[in-house]
Amino acid sequence: MIVFLIYAVVFVVSFVLVKFIVRKTTTDYTSLKTVTFGDESAVVPNRIASVISILVIFLLWAAFTGSKLVPGFMHAPGPFIGDATFTYTATAEGVEPDDATVTVRVFEVGTEAEAPEVDPGEGWAKNDSDIVGAWRSGLIRVDRNDELDRDAGHTVIAVNGEPIEPGGSVMTEFGRVGMSPKGTLNFEPAKGLQMEPIWLPPPEAVVARLGEIASDGYRDSTLWEHLGYSLFRVILGFLFGALVGIPLGYAMGLSDWFRGWFDPIVEFMRPVPPLALIPLVIIWAGIGEVGKIILLFLAALWIMAIAARAGVSGVAISKVHAAYSLGASKWQIMRHVIVPNSLPEIFTGARVAMGVCWGTVVAAELVAAEKGAGMMIMVASKFQLTDIVLMGIILIGIIGFGIDILMRWAERVLVPWKGRV
C-alpha cells in the first residue's frame, strides 16, 4: 500500500512539474492548434511522462529491495540485523519474580551466525542468547537454563516491564516478542519496509540470473530456445485464430443468417478465459504441441471475429451507396470499400489478440511443456526462484511490447488512411 501511495504522489508531482513548470519555460507550438477535447488524433504519448514512469518503477523496485544500483539514502528501511535484547520477568513456585535478559543475534539469511556469549547473571532466572534470521521468527525457551523450570511453575509474566500472557505480544525496540499458547516466547525482529529477496529480488539479481541462464541455459535448453518456442506457439495460434476469425467476422457483419447463427456462440465464448479450457484441450487434443496451439487459437479466434465484425459494421453506408451508384459489383465493394475501412478495427483486434495470446502462453505451457518461457516461469515458481520468475515475466513483456510496436508500424504502412476517411 505504501508503494502505491508513493507512486501516486510521484505521478501527481511529475504531472504538475511537467505541465505547469517545464512546459511554461518552453515554446509549445502544438498548443497553438485549435484542438477539440476528445479528439483522439490530438493525443500522443508524452515522452517525458513515459521516461519518468519507467524510472519511477525501477527506483521503487530498487528502493524496496535494497538494491546496490541506487544510493543507500534512497533505500526503504530494511530489516533489523544485529544484536537485539529484551528483558523478561518470570515467576516460579516459592521464589520471588526475577528478571533476565535475552540477547538475540539477528543475521542475514544465507550467512552463518552463532549465538552471542552472555553472562548468566546472579538470579535464578538466567540470561539467554539465541539466533534468528532476518524476516524470520524463532521460539526462545528462556526456561531451559533457569534454575527453576516449568515443572516448578516457571511462567513469564512480563517483557520489558509490560505484562504478557499466552497469545499476547509486546513490541520492543528491535521487534515483536509474542507468547505462544503454551507460554513459550517467540521473537520476530522488525522487518522494515523492504521486501525479502525470496518475494521480490533486487534488479541486479534478476539481471545476474538472466546472464546465467543466457549462457548456461535452463533445464537442458537455452534461454533463446525457451523464448523461441513460446514465440512460435503464440504466432501459430494467433495466425490460425486470424485465418478463421476474420472471415467469420466478415460473414457475421455481411449476412444476417451468419450473424444470427454464430453471434450466440461468439458472445458466449468471448468471456470464457482460455485457462478454463485447459482440461477440455487435454482431453480432446492430448498434452502435446497440438493442445497448446489449440488453446492459443481459441484465445485469438473470438477476438479477431469480433474485431472483423465491428470493422464491417462500422463502414459508413454512404460509401457503400456511392460505390453502388458508380456501378460497383459486390466483389468490388468488398475489395475497395469494406476491406479497407475494416482494416483499422482488425489491426486493433490483432493487437489485443496477440496480447491475450502472450498472456495465455503461460497457461498453455502448463500442459506438459518441456520448453517455453511459461514452462520456465512455472517450474521456477515451484522452487521459489523468484528471480527467474521475474526474468521470464520481463522478457515476455518486452517481446510482447516489441510485437505490438511492430504491428503498429505495419498498421501505419498498410493502413495509411486510418483516421483520414
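**Burial, pairing and span in a predicted model**

Colleague: Why is Asp-98 called buried?

Modeller: Asp-98 has a relative accessibility of 16% and therefore counts as buried, since buried means under 20% relative accessible area, exposed means over 50% and partly exposed lies in between, with a 1.4 Å probe and protein chains only. This is a predicted model, in which local features need pLDDT of at least 70 and side-chain atom pairs count only at pLDDT 80 or more, while totals for chains, interfaces and linings use all residues. Residues are numbered from 1 along each chain as its sequence is written, and side-chain values use heavy atoms, with hydrogens and water left out.

Colleague: What surrounds Asp-98, and where is its place?

Modeller: Asp-98 is placed in strand E2 (residues 98-107), where strands (E, at least two residues) and helices (H or I, at least four) are DSSP runs numbered from the N terminus. Not counting residues up to four places away in sequence, Asp-98 touches Tyr-88, Thr-89, Ala-90, Gly-123, Trp-124 and Ala-125, contact meaning heavy atoms within 4.5 Å. A polar atom of the Asp-98 side chain lies 3.0 Å from the backbone nitrogen of Trp-124.

Colleague: How do you know that Gln-194 is buried or exposed?

Modeller: The relative accessibility of Gln-194 is 14%, so Gln-194 counts as buried. Gln-194 sits in the loop between strand E9 (185-189) and helix H3 (203-216), and a polar atom of its side chain lies 2.8 Å from the backbone oxygen of Ala-76. Beyond four places in sequence, the residues that Gln-194 touches include Phe-64, His-75, Pro-77 and Trp-135.

Colleague: What makes Asn-160 and Asp-220 fall into their accessibility classes?

Modeller: Asn-160 has a relative accessibility of 38% and so counts as partly exposed, whereas Asp-220, at 84%, counts as exposed. Asn-160 is found in the loop between strand E5 (155-159) and strand E6 (162-163), and its phi is near 55°, a positive value in a residue other than glycine. Asp-220 is found in the loop between H3 and helix H4 (223-254), and its phi, near 65°, is likewise positive in a residue other than glycine.

Colleague: Why is the pair of Trp-257 and Trp-261 called tilted?

Modeller: By the ring rule the count comes to four aromatic pairs. Rings of Phe, Tyr and Trp (its six-membered ring) pair if their centres lie within 6.5 Å, and planes under 30 degrees apart count as stacked, over 60 as edge-to-face and the rest as tilted. The centres of the Trp-257 and Trp-261 rings are 5.8 Å apart and their planes stand at 35°, so the pair is tilted. These two residues are four apart in helix H5 (residues 256-269), which means that about one helical turn separates them. Trp-257 is exposed, at 59% relative accessible area, and Trp-261 is exposed, at 52%.

Colleague: What makes the aromatic pair of Phe-258 and Phe-262 stacked?

Modeller: Phe-258 and Phe-262 have 6.0 Å from centre to centre and 15° between the planes, and the pair is stacked. Both lie in helix H5, four residues apart; Phe-258, at 37% relative accessibility, counts as partly exposed, as does Phe-262 at 25%.

Colleague: How do you know that the span of helix H2 agrees with its number of residues?

Modeller: The expected span is 1.5 Å times one less than the number of residues, so the 17 residues of H2 (residues 47-63) should span 24 Å, and the end C-alpha atoms are 24 Å apart, which agrees.

Terms used:
Polar contact = N/O pair within 3.5 Å; in protein donor to acceptor, adjacent residues only side chain to side chain.
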